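Take a walk through this fold, from the whole chain down to single side chains. Keep the structure in view while reading.

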Amino acid sequence: MPASLFMPKQSGDSLIRCPWASNDLSISYHDEEWGVPTHDDRKLFEFLLLEGAQAGLSWDTILQKRENYRAAFDGFDPARITRYDRRKLHVLLRNPGIVRNRLKIASTVKNARAFLNVQKEFGSFDHYVWQFVGGKPKQNSRRFPRQVPASAPESDALSKDLKKRGFTFVGSTICYAFMQAMGLVNDHLTDCFRWKALSR
């Protein structure tokens, strides 16, 4: 396999990035969002749903549909999503702007209910989810993509607890991707310009 596949990419702006940031949309997401510690419950809920929707697909596909998801799911408002009825679910299944998977769409309602229950118990989903990394980002120091795991003990624990609380589409791999995206772990490669910025 070519060595270039394992090395951080350098774009026209001369910044070295993680190799998966390969087009305008993913570069923008990589530079501005991925790995930034997030404590906003609405955004945490958004990414919990989007990571579940991504299962079996590429993240680029979800990024391209992200605005469609925001419109289709009422700005990722869990309280409104819990009120979706069968008619609304049928409308979503006919929406070409999102992933039209019956189980994934149905899971959004179930997860919204479970999300609100967690908020009620812990005061916020933020307080709940950050306990799985001790309240601060886990700083990793990986040089190559092959060193980045698909899951970790922290995501195993989060996945197990979320399932116990009634969430679906929250396997350990999905949970680890969520933790990477929301900055609970810093998995930018060490040569990437974002790794140093997020390691301070």
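A residue is called buried when its relative accessible area is under 20%, exposed when over 50%, and partly exposed in between, with a 1.4 Å probe and protein chains only. At 16% relative accessibility, S172 therefore counts as buried. Two notes on the source belong here. This is a predicted model, in which local features need pLDDT of at least 70 and side-chain atom pairs count only at pLDDT 80 or more, while totals for chains, interfaces and linings use all residues. Residues are numbered from 1 along each chain as its sequence is written, and side-chain values use heavy atoms, with hydrogens and water left out.

Stay with S172 for a moment. S172 sits in helix α9, which covers residues 172-181. Helices here are DSSP runs of H or I with at least four residues, strands are runs of E with at least two, and both are numbered from the N terminus. What does S172 touch beyond its neighbours within four places in sequence? Its partners are A150, S151, A152, S155, D156 and S159. Contact means heavy atoms within 4.5 Å.

Now step back to the chain. Its secondary structure comes to 10 helices and 4 strands. Read from the N terminus, the order of elements is β-β-α-α-α-α-α-α-α-β-α-α-β-α. The radius of gyration is 17 Å, close to the 16 Å that the globule rule gives for 200 residues, so the chain is as compact as a globular protein of that length. That radius is taken over C-alpha atoms, and the rule is 2.2 Å times the number of residues to the power 0.38. Along its principal axes, the C-alpha trace spans about 50 × 35 × 25 Å.

How much of the chain is buried? Buried residues make up 48% of the 200 residues. Contacts reach along the sequence too: among those between residues at least 6 apart, 65% join residues at least 24 apart. The chain exposes about 10200 Å², and carbon and sulfur atoms supply 52% of that area. Accessible areas come from the Shrake-Rupley method with a 1.4 Å probe. The chain carries 31 positive and 21 negative charges, and their mean positions are 6 Å apart. Lys and Arg count as positive, Asp and Glu as negative; His and the chain ends are not counted. Each charge is placed at NZ of Lys, CZ of Arg, CG of Asp or CD of Glu.

Turn to the helices. L93 is found in helix α5, residues 86-93. With a relative accessible area of 19%, L93 is buried. Setting aside neighbours within four places in sequence, L93 is in contact with R100, N101, R102 and I105. K160 is 67 residues away from L93 along the chain, and their C-alpha atoms are separated by 28 Å.

T108 belongs to helix α6, residues 102-122. T108 is buried, at a relative accessible area of 7%. Not counting residues up to four places away in sequence, T108 touches F45, L49, F73 and I81.

The aromatic side chains come next. A pair of aromatic rings is described by the distance of the centres and the angle of the planes. Rings of Phe, Tyr and Trp (its six-membered ring) pair if their centres lie within 6.5 Å; planes under 30 degrees apart count as stacked, over 60 as edge-to-face and the rest as tilted. A search of the whole structure finds 13 aromatic pairs. In one of them, W20 and Y29 have ring centres 6.1 Å apart and planes at 55 degrees, so the pair is tilted. W20 is partly exposed at 31%, whereas Y29 is buried at 3%. F125 and Y128 also form a tilted pair, with centres 5.5 Å apart and planes at 50 degrees. Both lie in helix α7 (residues 125-130), 3 residues apart, about one turn of the helix. F125 and Y128 are both buried. Ring pairs link F45, F115, F122, F125, Y128, F132 and F167 into a cluster.

Finish with the backbone. Most residues other than glycine have a negative phi. F76 is not a glycine, yet has a positive phi of about 60 degrees. F76 lies in the loop between α3 (59-72) and α4 (78-81) and is buried, with a relative accessible area of 1%. F169, again not a glycine, has a positive phi of about 55 degrees. F169 is in the loop between α8 (153-164) and α9. Is F169 buried or partly exposed? At 28% relative accessibility, F169 counts as partly exposed.
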